[in-house]
Amino acid sequence: MKVLELESDLRCDLLIDDCLVLELKSVDRIISIHVAKLMSYMKLLETPIGLMINFNVTNIYHEGQKTYVNELYRWLED
């Protein structure tokens, strides 16, 4: 497990197995700053996948989750 110390207020909600950043929200809608924050965590931690979960929806499975792929790992999608 790698440890990364930063002098910043950035803290991801969960880092799972050094490969998935999980960002938890309870907001009316996900806006671009939420996505930018998740992508920053993914880039700094060098993780391939990020998952944003918004609990303020009727159905989390259909409306409340979205997966993001770090630009360093986009070739994995092809």
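Which residue forms a salt bridge with Lys 25, and how far apart are the closest N and O atoms? The legends below start there. This is a predicted model, in which local features need pLDDT of at least 70, side-chain atom pairs count only at pLDDT 80 or more, and totals for chains, interfaces and linings use all residues. Residues are numbered from 1 along each chain as its sequence is written, and side-chain values use heavy atoms, without hydrogens and water.

**View 1. The salt bridge of Lys 25.** The partner is Glu 23, with the closest N and O atoms 3.2 Å apart. The rule asks for a side-chain nitrogen of Lys or Arg within 4 Å of a carboxyl oxygen of Asp or Glu. The count by this rule is one. Lys 25 and Glu 23 are both buried (under 20% relative accessible area; exposed is over 50%, partly exposed in between; 1.4 Å probe, protein chains only).

**View 2. A nonpolar surface patch.** Leu 14, Ile 16, Leu 24, Phe 55 and Ile 60 together have about 400 Å² of accessible area (Shrake-Rupley method, 1.4 Å probe). Patch residues have over 30% relative accessible area and no salt bridge; nonpolar side chains are joined within 5 Å, like charges within 9 Å. Leu 14 sits in strand E1, residues 14-16 (strands are DSSP runs of E, at least two residues; helices are H or I, at least four). Leu 14 is partly exposed because its relative accessibility is 40%.

**View 3. Positive phi at Asp 18.** Most residues other than glycine have a negative phi. Asp 18 has a phi of about 55 degrees. Asp 18 lies in the loop between E1 and strand E2 (20-25).
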